[in-house]
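Visitor: Could you walk me through this model? I'd like to ask about single residues as well as the overall layout.

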Amino acid sequence: MQRKNFTEVAEFIFLGFSIFGNHQITLFVVFLITYIFTLTGNIIVITVICIDCHLHTPMYFFLSMLSSSETVYTLVIIPRMLSGLIFYNQPISLGSCATQMFFFAMLAINNCFLLTVMGYDHYVAICKPLRYTVLMNKGVCARLVCGSFGTGLVMAVLHVTAMFTLPFCGTMVDHFFCDIYPVMKLSCIDTTVNEIINYGVSSFVIIVPVVLVFISYILIISSILKIPSVEGRKKTFATCASHLTVVVVHYGCAAIAYLKPKSENAIEKDLLLSVTYTIITPLLNPVVYSLRNKEVKDALCRAVGRISS
C-alpha cells in the first residue's frame with residue numbers, strides 16, 4: 001500500500017557522458033570505431049570457426065559461443081550509448097530499461113562462466129590428454145554451454161525482478177545504460193535488501209569462476225612443469241596464454257565494478273570502468289585469440305585464400 005504514496009515513474013533519462021561536455025563527439029567517434037572493430041572481429045572469429053573443419057574442436061566451439069555472447073552483449077548496450085552521445089537526454093521506458101538490464105546481466109554472467117568452462121577445457125587437454133575426447137565429447141560441451149547460459153538466465157531474472165518491484169522517484173540515470181546500481185539509486189525506499197542481493201549474486205558469479213579457473217591453472221602449471229623439455233613447456237603454456245589474458249582483464253574489471261564499495265563522488269571513474277567492460281573487453285576477445293593463436297590465423301588465411309581464388 002505504501003507504493004501509492006509515490007509518483008509513478010514511466011521512463012528514465014540517461015545522463016551518460018554529459019559530464020565530459022564538448023568531448024562527447026570525440027567519444028562518439030572513438031567508441032564507434034572501437035565498436036565496429038569489436039563486431040567485425042567477433043563475427044570473423046565465429047565465421048572462421050564455423051567454416052573451417054580444423055577448428056571443429058571443443059576449445060574453438062567454446063570460443064565461438066563466447067564471441068556470439070559478446071556480440072549480442074555489445075548490441076544490447078553500445079548502439080543506445082552511441083545514440084545518447086549525439087542526441088542528448090533520450091528517454092527509455094521502464095520496460096525497455098528492464099529488458100536491457102536483463103540481457104546485460106544474463107550475457108555478462110554467461111561470459112563469466114564460459115571463460116570458466118574454457119579453463120576446464122584447457123585443464124582436460126593438458127592434464128588428461130588421453131581421455132580428452134571422452135571427457136569433452138559433444139554432449140558434455142553442449143551441457144557446459146547450456147549450464148553457463150542457464151546460470152546467467154536465473155541470475156538475471158533474480159536481479160531484474162528484485163530491481164523492478166521497487167518504486168522509483170528519480171528519473172535521471174547517472175550512467176549510459178541500465179546498470180544495476182545507478183538504477184537502484186533512483187528508488188524511493190531503502191534498498192538494503194536489493195544491495196545484499198546484488199552483492200551476493202555478483203560475488204557468486206565472479207568469485208566462484210575465479211576460484212575454479214585458479215584451481216584449473218594450478219593443476220595445469222603443475223603438469224607443465226613435469227614436461228622435460230623447455231620448448232615443450234613453452235609451447236604448452238602458450239596454448240593457455242590467450243585465455244589467461246582475457247580472464248585477468250574480464251574478471252579484474254568485473255570485480256572492481258561490482259565488488260568494490262560504491263562512492264557517490266566517483267562518477268567519472270565508474271563511467272570509464274563501465275566503458276572498459278562494455279567496449280574494451282569484448283574487443284579484447286577477438287584481438288587476443290586472433291593475434292596470439294596460430295590455428296585461428298592459419299584458418300583465416302585459408303578462408304581468405306578460398307575467397308580470393
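Visitor: Does threonine 40 count as buried, exposed or partly exposed, and why?

Guide: Threonine 40 counts as partly exposed because its relative accessibility is 40%, where buried means under 20% relative accessible area, exposed over 50% and partly exposed in between (1.4 Å probe, protein chains only). This is a predicted model, in which local features need pLDDT of at least 70 and side-chain atom pairs count only at pLDDT 80 or more, while totals for chains, interfaces and linings use all residues. Residues are numbered from 1 along each chain as its sequence is written, and side-chain values use heavy atoms, with hydrogens and water left out.

Visitor: Where does threonine 40 lie?

Guide: Threonine 40 lies in helix 1; helices (H or I, at least four residues) and strands (E, at least two) are DSSP runs, numbered from the N terminus. The buried residues of helix 1 include Phe31, Tyr35, Thr38 and Gly41. The C-alpha atom of threonine 40 is separated by 9.4 Å from that of threonine 71, although the two are 31 residues apart along the chain.

Visitor: Switching to helix 2, where does its kink lie?

Guide: The kink in helix 2 lies at leucine 75, shortly before proline 79, and is about 35 degrees, the bend being the angle between axes fitted to the seven residues ending there and the seven starting there.

Visitor: And the sheet, in what order do its strands come?

Guide: Three strands form an open sheet in the order 2-1-3, with mixed pairing; two strands pair if DSSP finds at least two bridges between them. The edge strands, strand 2 (91-93) and strand 3 (172-173), each pair on one side only. Strand 1 (residues 11-14) and strand 3 run parallel and are joined by two bridges, and phenylalanine 14 has valine 173 as its bridge partner in strand 3.

Visitor: What is tyrosine 277 in contact with?

Guide: Leaving aside neighbours within four places in sequence, tyrosine 277 is in contact (heavy atoms within 4.5 Å) with Tyr73, Phe104, Phe177, Asp179, Cys253, Ala257, Tyr258 and Pro282.
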